[in-house]
Amino acid sequence: MKSILKLEELFQFILGIYLFSTLSYAWWWFLALILLPDIGMLGYLINTKIGAITYNIFHHKGLAILIFLGGIYFEIEVVQLIGIILFSHASLDRIFGYGLKYADHFKNTHLGSL
């Protein structure tokens, strides 16, 4: 089952690359921004509960899709870019087994223990 889930995440990451290609940004922007959502880990400097909340906000695909769709609706390309980067990053993380975090420990995710 893990292989199927990772394959699904890979296809979602490829979808993110495709959606990025529809924007007018140079490709280096994708490479420069793809790790930016990990800024959500800074919450762990406070405690594990805050860390899990901030991490999960920056890695929630539903939120990423809403941001992207908002960018389409309001015709704001930078908002579309933010949604694509958040979505693509979350997919990439999940390919490597990093899921949404539980409040008790960074290594306790919705995909299992790291």
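Visitor: Which residues does A90 touch, not counting residues up to four places away in sequence?

Guide: With that stretch left out, A90 touches H59 and K61, where contact means heavy atoms within 4.5 Å. This is a predicted model, in which local features need pLDDT of at least 70 and side-chain atom pairs count only at pLDDT 80 or more, while totals for chains, interfaces and linings use all residues. Residues are numbered from 1 along each chain as its sequence is written, and side-chain values use heavy atoms, with hydrogens and water left out.

Visitor: What makes A90 count as buried or exposed?

Guide: The scale is relative accessible area: buried is under 20%, exposed is over 50%, and partly exposed lies in between (1.4 Å probe, protein chains only). A90 comes in at 1%, so A90 counts as buried. You'll find A90 in helix α5; helices here are DSSP runs of H or I with at least four residues, strands are E runs of at least two, and both are numbered from the N terminus.

Visitor: And D93, buried or exposed?

Guide: Buried, because its relative accessible area is 11%. D93 is in helix α5 as well, and beyond its neighbours within four places in sequence, D93 is in contact with D38, Y55, H59 and Y98. D93 and K6 are 87 residues apart in sequence, with 9.9 Å from C-alpha to C-alpha.

Visitor: How do you know whether α1 is parallel or antiparallel to α5?

Guide: Look at the crossing angle: the axes of α1 (residues 2-21) and α5 (residues 77-95) cross at roughly 155 degrees and come within 8 Å. Since that angle falls in the antiparallel range, α1 is roughly antiparallel to α5. The ranges are under 35 degrees for roughly parallel, over 145 for roughly antiparallel, 65 to 115 for roughly perpendicular, and oblique for the rest. Axes are lines fitted to C-alpha atoms, for helices over the stretch in contact, with angles from 0 to 180 degrees between N-to-C directions.

Visitor: What is the hand of the crossing of α1 and α5?

Guide: Left-handed. That word applies if the near helix is turned anticlockwise from the far one by less than a right angle; clockwise would be right-handed. On the α1 side the contact includes F13, I17 and F20, and on the α5 side I84, F87 and S91 are among the residues.

Visitor: How does α4 pack with α5?

Guide: Helix α4 (residues 61-73) and α5 have axes 7 Å apart, at an angle of about 155 degrees. Because of that angle, α4 is roughly antiparallel to α5. The crossing of α4 with α5 is left-handed, and its contact residues include I65, F68 and I72 of α4 with G83, L86 and A90 of α5.

Visitor: Why are the buried residues of α3 said to line one face of the helix?

Guide: In α3 (residues 48-58), the buried residues are G51, A52, Y55 and N56. Seen down the axis, they fall within an arc of 120 degrees, so they line one face; the arc is that of the directions from the helix axis to the C-beta atoms. Their cover includes α5, β1 (101-102) and β2 (105-109).

Visitor: What makes N56 buried?

Guide: Its relative accessibility is 19%, so N56 counts as buried. Apart from residues up to four places away in sequence, N56 touches L100 and K101.

Visitor: And E75, buried or exposed?

Guide: Exposed, because its relative accessible area is 70%. E75 sits in the loop between α4 and α5 and, although not a glycine, has a positive phi of about 55 degrees.
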